[in-house]
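Please walk me through this structure, starting with its charged contacts and ending with its surface.

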Amino acid sequence: MAAQKTKKKSSRMNRREWIAGYLFLLPNFIGFLAFTGIPVIIGFIISLTDYTGFGKPNFIGFANYAKMFTDTDFKVALQNNLFYSLTSVPLTVLFALLLALMLNRKMYGGSAFQTIYFFPNLTSMVAVGCVWLQIFDSKKGPVNQFLMNLGMEHPPKWFWGVGTALITVVIVVVWKQAGYYMVMFMGGLKNISPDLYEAAKIDGANSWQAFWHVTWPMLSPTTFMVTILTFIASFQVFDIINVTTEGGPGRATEVLVMRIYKEAFKYGRMGYGSAIGYFLFLIIFVITLIQWHGQKKWVVE
Amino acid sequence: MKNTKTRVTGIVMFLLALFVAFIMIVPFVWMVSASFKLKKEIFSVPIRWIPETFHMDNYETIMQKIPFPRYFFNTFKLTVSITALQVITCSMAAFAFSKLHFPGRDKLFLAYLGTMMVPWHAIMIPQFIVIQKLGLYDNHLSLILTGAFNVFGVFILRQNMLSIPDSLCEAAKIDGCGPFGIFTKIVLPLTKSGLATLIILTFNNVWNDYMGPMIYLDSDKNRTIQLGLATFKREFDTNYGAIMAGTVISLIPIVIVYVIAQKYIVEGIAYSGVKG
């Protein structure tokens with residue numbers, strides 16, 4: 001990694017560098033201790049109590065964790081979240097990859113396209129939510145006006161339909177983030193040596209074969225990385241839902257973070273909220289373990 | 001024959017790219033267009049993408065209902081403070097992890113990367129309690145202190161610093177330069193592109209942050225732009241034109257930053273994907 005340190009150094013100089021090293025890390029150490037480390041511990045303690053945010057908490061053992069098995073609000077949120085993850089992740093990866101492959105060709109206006117595709121990613125979920133609420137407006141919105149013009153009598157109700165709200169959220173999120181992961185894929189594509197394509201061409205491969213035998217395997221570390229990142233992010237979805245549907249209609253767009261937020265900050269059930277928080281932590285932890293295991297296997301360097 | 005085929009594919013690809021561009025950009029065209037329309041014009045059929053006359057009514061309404069100057073000032077204050085602190089904390093840690101030698105360095109770095117695994121949403125309740133106990137609820141310091149550290153930032157800067165040859169640092173050391181001098185005089189000036197990426201990504205994150213301010217801030221005088229916009233949308237959810245006018249105003253700084261610094265944003269992200 002770093003170059004070997006020169007051996008001819010007095011121990012006094014070494015000591016000085018050691019101290020400097022720890023001092024340079026000190027601000028980060030304090031920050032993480034105060035705002036991540038301690039909260040991780042406090043969070044677990046609170047999850048074992050009935051703390052409401054005020055007054056004295058009572059120790060109730062693992063009752064909050066047991067409650068998750070019977071709480072239908074939580075179960076619905078978990079189901080919705082799984083549906084959201086299993087749709088938004090593959091769709092994002094697919095579109096990001098297709099866009100990257102498209103722009104990877106020499107094309108008139110290629111960099112302008114890249115600029116445009118990436119732009120939605122920089123805008124806030126609040127702004128994006130406000131705009132899409134109007135575009136998907138079930139009565140007067142341009143999308144439904146268009147569908148009615150095509151002769152559809154009952155176009156989908158999008159954010160306002162129990163059966164369509166969650167998929168509408170997925171559509172908006174994929175639209176917003178595809179450009180971000182496209183850029184990652186383009187980085188991965190640039191790293192593939194042109195010699196490999198040259199060799200494939202000499203072997204008589206057509207472009208489809210070149211994709212399956214060169215691009216796809218060489219790109220697998222990036223694909224893996226993008227899948228993991230979008231998967232982790234999918235369990236933290238909140239902003240867009242809070243701006244558009246607030247979990248509704250009914251419980252159609254309730255997700256895990258929405259539960260944590262509502263339990264803790266709306267109903268004052270800090271203990272139960274923390275328990276769900278720990279559940280979320282567990283999910284991300286498992287995904288990260290898969291990532292570490294996978295990285296060893298997948299990364300070709 | 002082959003030539004025509006590639007040309008046809010080229011044209012098809014170009015048209016496809018154009019179509020995707022349309023989908024990506026059309027919501028923003030709608031936003032700008034609606035912000036200049038009267039209420040009865042917004043959902044008129046067929047859609048008029050360019051309003052007949054540009055009405056400023058929505059902008060006047062939103063300026064009265066939302067104290068933009070104050071929200072902009074608050075958001076700007078948070079953005080600048082957090083970005084500045086991140087530059088300091090991240091570059092210091094990255095320097096220690098890449099250029100200083102001390103026992104346990106690489107193990108500490110791995111442990112530090114491991115903290116990325118803790119999702120903020122999972123610990124936002126206990127973190128909120130810590131902030132409350134520190135007496136920082138409804139105070140901008142809550143967001144500034146919790147936002148001052150960024151593992152990803154350390155990671156980017158460390159990668160950047162690793163590419164600086166150690167011989168430069170050694171030479172400075174022989175000239176009597178201490179670790180702090182090497183950090184400020186040699187390493188930092190050579191980390192400009194990494195710093196630019198960090199600054200822009202952090203600026204963008206803080207400017208767009210919604211849930212943090214929602215939890216930590218309460219009184220109107222402390223609100224950020226996203227919070228103000230979301231609150232307005234909730235209270236006046238049928239005032240479509242005014243909501244769009246507010247959205248346009250909230251996006252202006254992001255557009256400016258994107259125009260100036262697109263290169264750094266794109267490079268930073270492409271890089272993080274490759275290196276994982």
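A salt bridge is a side-chain nitrogen of Lys or Arg within 4 Å of a carboxyl oxygen of Asp or Glu. The model is predicted, and local features need pLDDT of at least 70, side-chain atom pairs count only at pLDDT 80 or more, while totals for chains, interfaces and linings use all residues. Residues are numbered from 1 along each chain as its sequence is written, chains are lettered from A and ligands numbered from 1 in the order in which they are written, and side-chain values use heavy atoms, with hydrogens and water left out.

Over all chains, a search of the whole structure finds 13 salt bridges. One of them pairs Glu263(A) with Arg259(A), at 2.9 Å from N to O. Both residues belong to helix H11 of chain A and are four residues apart, which means about one helical turn separates them. Helices here are DSSP runs (H or I, at least four residues), as strands are (E, at least two), numbered from the N terminus. Glu263(A) and Arg259(A) are both buried; buried means under 20% relative accessible area, exposed over 50%, and partly exposed in between (1.4 Å probe, protein chains only). Through shared partners, salt bridges join Asp73(A), Arg251(A), Glu254(A), Arg259(A), Lys262(A), Glu263(A) and Arg269(A) into one network.

Within chain A, Arg251(A) also bridges to Asp73(A), with the closest N and O atoms 2.6 Å apart. Arg251(A) sits in the loop between helix H10 (239–244) and helix H11 (256–266), and Asp73(A) in helix H3 (residues 72–104), so this pair ties together parts of chain A that are 178 residues apart in sequence. Arg251(A) is partly exposed at 36% relative accessibility, and Asp73(A) is partly exposed at 26%.

Another salt bridge links Glu246(A) to Arg234(B), at 3.5 Å from N to O. Because Glu246(A) lies in the loop between H10 and H11 of chain A and Arg234(B) in helix H13 (residues 225–235) of chain B, the pair joins two chains. Glu246(A) is partly exposed, with a relative accessible area of 31%, and so is Arg234(B), with 41%.

What about bonds between cysteines? A disulfide is a pair of cysteine sulfur atoms within 2.5 Å, and the structure holds zero of them over all chains. The closest cysteine sulfur to that of Cys90(B) is in Cys169(B), 19 Å away, so it is too far for a bond. Cys90(B) is buried, with a relative accessible area of 0%. For Cys177(B), the closest cysteine sulfur is again in Cys169(B), and at 9.4 Å that is too far for a bond.

Helix H5(A) is largely enclosed by the rest of the structure, because eleven of its eleven residues are buried. Among them are Met125(A), Cys130(A), Trp132(A) and Gln134(A).

The surface comes last. A nonpolar patch of about 920 Å² there includes Trp18(A), Ile30(A) and Leu108(B). Patches are made of residues with over 30% relative accessible area and no salt bridge, with like charges joined within 9 Å and nonpolar side chains (Val, Leu, Ile, Met, Phe, Trp, Tyr) within 5 Å. Accessible areas come from the Shrake-Rupley method with a 1.4 Å probe, and for residues only the protein chains shown count as cover. Helix H1 (residues 11–47) of chain A gives the most to the nonpolar patch, with nine residues. Ile30(A) is located in helix H1 of chain A and is partly exposed at 49% relative accessibility.
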